[in-house]
Amino acid sequence: MRLRGAQGGARMKRYGMTIDIDRCNGCGACMVACAVENNIPPEIEADERKGITPIRVYQIDNGEEQPNRRTAFIPMLCQQCGEDTPCVHVCPQQAVDIDPETGIVGQMAERCLGCRYCMAACPYHARYFNWWDPKWPAGMEASLNPNVAPRQRGVVEKCNFCHGRRHAAMEKAAAGRKDIDPADYVPACAEACPSGAIRFSDLNAQAAPADSFRLLEKLGTEPKIYYRSKKDWVKRNG
Amino acid sequence: MDKFLIARGLKRCSTARFAAWILPWIALLGFGLVAAGLCLIKGLNQTNMDNRFAFGLWIFLDLTVIALGAGAFFTGFLLYILKLHELRAVINSAVIIGFTAYSGAVAVLAIDVGQPLRAWFTFWYPNVHSMLTEVTFCITCYLTVLAIEYVPIVLKNRKLKEVPSLLVFEFQLHKVMYVLAGVGTFLSFFHQGSLGGLYGVLRGRPFAFREGLFIWPSTFFLFILSAAAVGPSFVLLTTWLVEKISKKRLVRTEVLQLLGRISGLLLAVYVLAKTLDTLIWINRTSPSAGFPAAQFYGWKPFGVWILFAEIVLFGLLPAIALLTPKLRARRGLLVAAAALACCGVTLNRFVQTVQTLALPTLPFDKFLSYTPSWQEVGTFLAVVAYGVLVYSFSFRYLNLFPEERELKLEPAAPQEEEEMAYAGR
Amino acid sequence: MTTTRRTAVKFIAGSAVGVLFTPAPWRLVRDTALWSENWPGIPRPKRGPISAKTTFCTLCPAGCAVRARCVGEQPVAMAGVNGGLCPLGVTGHHLPYYPGRVKQGPVEEARAAVAKADPSKKVAVLDLRPGRTASAIYRKAMEERGGVYLAPPQPGASVNLAAAKSVVSVGAPLLEGWLPPAEVFAVRDRFRLVQIEAELSRTAALADEWLPQADVAAVARRLEGPVLVIDRTMSAATIEMNKALGGWGKTVQAGPATGAASLASVADGSIGLLYIDETNPGQYIPWPEIEPKLAADAVTIVFAWSREGYGRHAKFVLPTAVFPEALDDLPNGRVTTPLMKAPVGVVDPVEFIAKASLADALQEVKPKDEAGWLTPYTGAFDATAAALSTKLYQESKLLLGPGQVAVGPAAGLAENDAAFLSTSRGKLPVRVVVDAGLPAGKARFLATPEVLDLCGSEEPRVVRA
């Protein structure tokens with residue numbers, strides 16, 4: 001799954017995201033754009049516990065009643081854990097690995113046995129199982145993205161930071177034998193977000209803002225998704 | 001009708017009655033196979049597992065059944081390595097229980113994974129860091145060992161013994177039994193442990209995560225101990241059950257008493273280890289991950305009573321009963337204590353699988369519940385039916401209990417008297 | 001040599017061991033991996049030359065510029081040119097495959113019905129998306145025939161967010177698609193937003209200040225100017241308040257004139273032939289308000305790609321092109337570029353109604369610079385035609401889905417209870433979702449045409465089943 005040598009000795013990258021909770025209005029454009037990019041069908045038989053939503057926006061609140069009630073939206077996706085990555089450790093056939101060049105935790109659906117051990121290991125609920133075979137409304141298969149292979153039932157999938165787009169960017173850059181242009185590699189969710197809440201970047205080139213926090217930091221998984229908010233109750237929730 | 005297949009000197013019920021016994025189990029097996037077939041053909045959406053409950057009834061029952069089937073390796077270890085010869089009376093039965101338990105569990109696992117055709121990937125691309133790789137390798141090897149251990153029992157069948165080459169083969173096999181027992185113990189040690197390690201290494205689930213020795217979390221050792229403790233209990237339980245159903249005496253009292261004593265001893269050690277481990281988890285491991293342990297027990301219906309039930313009700317109490325000769329002497333208490341010990345292990349496996357997944361991990365998570373679908377229950381009932389059928393046929397046509405013949409010839413002493421006499425030793 | 005059973009056994013055993021040294025069994029095992037990846041029935045995306053085409057999204061009047069990534073002739077992805085898109089926009093290229101899409105219709109019968117229409121009754125066009133070139137053509141056609149050109153009520157004013165330092169929103173869903181999302185968030189940091197709304201809506205959650213109720217004038221006075229006051233429809237009262245604050249011409253100006261007559265001005269029973277152009281989603285006027293204006297034997301012809309709207313009431317439903325296929329325009333001179341061919345059998349409503357060529361008329365359209373003025377959209381966003389919207393309301397609980405109603409805890413209903421949305425006209429079955437952000441007596445639901453027909457201008461009640 002990796003184009004070797006395409007980056008010609010470029011500096012190691014650490015791709016991550018900064019998500020501004022104060023800007024997320026819970027519209028769900030990211031969720032739909034992700035499904036479009038990754039050829040995820042509408043699971044018409046699924047409910048909210050069996051559907052496939054590699055990025056999923058949750059609504060959180062401060063637990064109070066009106067009028068002290070406050071609410072916010074928090075997009076959740078694979079946190080691309082950098083240290084002691086739980087899913088990488090537990091997969092019995094190495095169907096998930098962490099790319100040292102980019103820091104992206106990549107799931108290989110062709111290798112996955114469907115044992116779901118990684119789903120038990122992930123504390124962020126970022127992994128989804130294909131409980132059904134993919135089925136689109138008649139004719140809609142024509143609109144599938146050729147850069148991503150549809151998965152069949154019985155395998156686990158998750159956010160791969162739109163690896164299809166990264167490959168397209170690398171192919172474009174390889175023609176000029178240089179580093180990929182950041183503008184060429186933007187995951188679908190970050191591209192679709194109308195409020196600019198989701199920002200994707202190489203954390204080595206541009207570190208996350210100092211006032212950002214990560215979820216479940218005490219577990220020591222070193223996630224690469226940073227969240228920001230000016231609201232105290234949100235920060236306490238994290 | 002099938003008298004020629006039944007071992008000489010043993011009495012078995014008529015063919016018609018046997019048919020009446022196995023018919024409902026065959027029906028249950030058929031129903032279960034339909035349920036399993038649905039899961040294979042239509043996919044795992046037939047179950048009630050979902051993205052939060054990635055493991056459900058099957059994994060929980062697999063772990064339980066493998067722990068209960070540990071009687072196979074442990075009895076073999078005690079008999080062939082530690083030379084406790086009384087256990088020769090139950091080793092065959094234990095091996096068959098182990099064989100059906102493991103083969104049933106492997107069959108359910110083949111349905112539980114999303115892509116059974118890719119099962120060989122674990123062998124070809126193993127991940128040395130993963131406990132599940134270890135489990136896969138060891139269980140596969142151990143199933144082979146159990147199959148090889150089952151063969152001589154089958155070959156001792158009355159009709160098959162008449163074939164000279166098979167007789168010779170069986171004799172040769174018997175010479176390597178010690179090796180097999182040793183290998184089986186070694187493999188079982190590791191896979192019983194790794195099954196515990198599956199949950200102990202989950203850094204993302206502070207409820208299950210434990211620190212331990214070197215690369216092994218404490219649950220590795222706790223699972224081995226609990227499996228070794230409950231193995232003899234389950235052998236005891238099944239032997240008693242078979243005696244009750246077949247209305248025959250199959251083993252001498254000393255054997256059951258020995259099994260009870262061993263089980264009680266290991267259970268006591270396990271209770272001690274588990275208490276220590278729980279205290280360390282409450283005071284150090286869980287808080288350092290940012291989760292006060294009490295938080296996990298605030299979600300109904302999983303309150304602190306579960307911990308109490310597991311350690312005291314199903315752990316300490318049966319251990320005391322099994323270790324006290326006077327209590328152990330009463331058949332009823334012995335069997336009840338063995339049953340409680342088995343319940344304890346079942347509860348422990350439930351806590352490790354289902355409760356771990358039910359508990360929220362993110363601050364904005366909800367506590368969710370899960371009820372298995374009929375297809376899941378059906379598939380598991382197929383395993384139970386399969387076990388009963390294999391055991392029933394083995395009991396009828398093979399000489400499972402070597403002491404049965406002697407006990408038939410002995411004058412039947414009232415059971416109570418005999419046990420009190422034994423207790424008074 | 002005599003062949004015995006032993007020979008046979010030795011041969012079989014030897015072959016079994018020997019075959020392991022050939023590639024055959026290993027290939028078979030390896031092939032299982034390939035079989036497991038290539039089951040029949042799993043679609044393979046088509047490959048082809050990749051190109052980027054730009055057009056404008058017509059799924060709401062905002063008309064965001066989109067760049068479509070196309071494989072051959074088929075768009076496979078939509079992205080906003082000037083920022084992000086809304087959930088409808090990113091999946092717009094799926095609409096041609098909507099399972100309920102109307103592809104065929106009784107065109108000849110409709111033409112015959114038009115020819116036989118009663119000349120003593122009026123002909124009318126209801127244009128759900130006024131302000132287009134097509135709208136001007138309809139208006140002219142109706143003038144020539146003495147007919148009526150109708151459109152849904154439009155917002156009373158356009159706003160310029162970039163010119164405001166503070167915005168007081170009286171229940172306007174400013175951050176939920178009332179204005180083009182990317183444009184709003186591009187200037188979000190420049191103004192302070194105070195949301196006055198009883199419900200803790202998404203806009204209220206993201207606002208700088210949320211007041212369940214307040215005196216608008218008092219709030220506007222204490223904020224740093226220029227202050228812009230908005231409400232959902234930019235009512236006359238709100239416009240007056242803006243004028244008083246000195247915002248006329250700076251933060252608020254007159255909305256675009258549509259030249260449409262209001263439904264109220266039409267006499268009851270006077271329309272004999274009604275055309276409804278539903279090719280673009282717009283504000284749905286409940287049918288009970290339209291029906292009285294129709295004569296007893298009136299013919300209604302709806303041009304739509306879905307039967308879920310006025311198609312439920314019309315005599316004839318004629319199929320039209322849907323967003324990526326359509327040639328159309330939006331305010332300020334944005335003309336779309338069709339990305340795909342429409343299926344054979346679709347009808348061009350402009351050609352049918354006015355016998356004019358929209359394509360020719362669009363040649364004359366020139367882009368205009370709006371200098372930051374944005375017109376709000378007051379219609380509903382019904383995402384159910386987008387197949388992937390299940391991600392938002394079925395595979396997650398992010399949005400309300402069809403057949404759901406959200407009520408506050410004070411309503412005394414539990415999650416997933418069966419209930420009815422009830423008005424004097426009837427009731428519709430729904431399932432309850434409990435949202436603690438809703439005050440007592442307030443309910444939220446997806447305003448589909450069916451629900452709007454039920455409500456009319458009434459507030460529905462939520463009644464336990």
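## Close-up views of a predicted model

Searching the whole structure turns up 44 salt bridges over all chains. Keep in mind that this is a predicted model.

**View 1. A salt bridge inside chain A joins Lys231(A) and Asp22(A).** Their side chains meet at 3.9 Å, N to O. Look at where the two partners sit: Lys231(A) is in the loop between β9 (225–228) and α6 (232–237) of chain A, while Asp22(A) is in the loop between β1 (15–20) and α1 (29–37) of chain A, so this pair ties together parts 209 residues apart in sequence. Lys231(A) has 21% relative accessibility, so it counts as partly exposed.

**View 2. Arg132(C) and Asp127(C) pair up in chain C.** This salt bridge comes in at 2.9 Å, N to O. Both Arg132(C) and Asp127(C) are buried. They also belong to a network of salt bridges that links Asp127(C), Arg132(C), Asp277(C) and Asp328(C).

**View 3. Here Asp417(C) meets Arg464(C) in a salt bridge.** The side chains are 3.6 Å apart, N to O. Asp417(C) lies in the loop between β17 (404–407) and β18 (418–423) of chain C and Arg464(C) in strand β21 (residues 461–464) of chain C, so the pair ties together parts that are 47 residues apart in sequence. With a relative accessible area of 21%, Asp417(C) is partly exposed.

**View 4. This is where chain C and chain A touch.** Chain C brings 57 residues to the contact and chain A brings 60. Between them the two chains bury about 4,900 Å², and 61% of that is on carbon and sulfur atoms. The interface has 2 salt bridges; Lys397(C) and Glu48(A) form a salt bridge through their side chains at 3.6 Å, N to O. There are also 18 residue pairs in polar contact between chain C and chain A. On the side of chain C that touches chain A, the elements supplying at least two residues each include α2 (23–37), β2 (65–71) and β3 (74–80) of chain C. β3(C) gives the most, with 5 residues. Sorted by class, that side of chain C has 33 nonpolar, 12 polar and 12 charged residues.

**View 5. Helix α2 of chain B runs over residues 57–68.** Its 12 residues reach 16 Å from the first C-alpha to the last, close to the 16 Å expected at 1.5 Å a residue. In α2(B), 12 of the 12 residues are buried, so the helix is largely enclosed by the rest of the structure. Among the buried residues are Trp58(B), Phe60(B) and Asp62(B).

Definitions and conventions: Residues are numbered from 1 along each chain as its sequence is written. Chains are lettered from A and ligands numbered from 1 in the order in which they are written. This is a predicted model: local features need pLDDT of at least 70, side-chain atom pairs count only at pLDDT 80 or more; totals for chains, interfaces and linings use all residues. Side-chain values use heavy atoms; hydrogens and water are left out. Helices (H or I, at least four residues) and strands (E, at least two) are DSSP runs, numbered from the N terminus. The expected span of a helix is 1.5 Å times one less than its number of residues. Buried means under 20% relative accessible area, exposed over 50%, partly exposed in between (1.4 Å probe, protein chains only). Contact means heavy atoms within 4.5 Å. Buried area is the accessible area (1.4 Å probe) that two parts lose on being put together, summed over both. A salt bridge is a side-chain nitrogen of Lys or Arg within 4 Å of a carboxyl oxygen of Asp or Glu. A polar contact is a pair of N or O atoms within 3.5 Å; within protein, one must be able to donate a hydrogen and the other to accept it, and residues adjacent in sequence count only if both atoms are side-chain atoms. Ala, Val, Leu, Ile, Met, Phe, Trp, Tyr, Cys and Pro count as nonpolar, Asp, Glu, Lys and Arg as charged, and the others, Gly among them, as polar.
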